Amino acid sequence: REGYGLLQGSNRYEKWSLGAHRVALVLHTKQQPDGMVAMHACDFRRCCNPFHLSWGTQLENIMDAREKASFRKSAPVLKGESKNLATTP
């Protein structure tokens with residue numbers, strides 16, 4: 001619904017869901033820092049490319065979104081792999 005990829009499952013006792021981008025970053029960095037969110041450099045919610053993701057606090061994520069909001073008003077929006085990022089190998 002919100003555009004993020006999800007991994008979902010259940011067992012006998014509970015249902016669960018995890019953000020696909022967060023799982024990709026955990027697998028790539030071998031870390032799962034408490035209190036941190038997976039931030040998208042490319043702003044494409046379904047993107048799971050670990051080179052477009054980084055760990056940050058919720059505040060850093062909000063500030064990043066605010067900074068990009070002013071840029072988005074004057075620049076075309078490119079999504080996912082079509083965006084040329086310096087961090088892409």
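**The hairpin and its surroundings**

Modeller: L18 lies in strand β2, where strands (E, at least two residues) and helices (H or I, at least four) are DSSP runs numbered from the N terminus. This is a predicted model, in which local features need pLDDT of at least 70 and side-chain atom pairs count only at pLDDT 80 or more, while totals for chains, interfaces and linings use all residues. Residues are numbered from 1 along each chain as its sequence is written, and side-chain values use heavy atoms, without hydrogens and water.

Strand β2 (residues 15-19) runs antiparallel to strand β1 (residues 6-10), and five bridges join them; two strands pair if DSSP finds at least two bridges between them. Four residues separate β1 and β2 in the hairpin that they form, and within this pairing Q8 stands opposite S17 of β2.

With a relative accessibility of 45%, L18 is partly exposed, that is, between buried (under 20%) and exposed (over 50%), with a 1.4 Å probe and protein chains only. Together with L7 and W16, L18 forms a nonpolar surface patch of about 280 Å² accessible area.

H21, by contrast, belongs to helix α1 (residues 20-29) and is buried at 12% relative accessible area. Leaving aside residues up to four places away in sequence, H21 touches Y4, A38, H40, C47, C48 and L53, a contact being heavy atoms within 4.5 Å. Two of these, A38 and H40, point one way from strand β3 (residues 37-40), whereas V37 and M39 point the other way, and all four are buried.

Methods. Patches are made of residues with over 30% relative accessible area and no salt bridge: like charges are joined within 9 Å, nonpolar side chains (Val, Leu, Ile, Met, Phe, Trp, Tyr) within 5 Å. Accessible areas come from the Shrake-Rupley method with a 1.4 Å probe; for residues, only the protein chains shown count as cover. A salt bridge is a side-chain nitrogen of Lys or Arg within 4 Å of a carboxyl oxygen of Asp or Glu.
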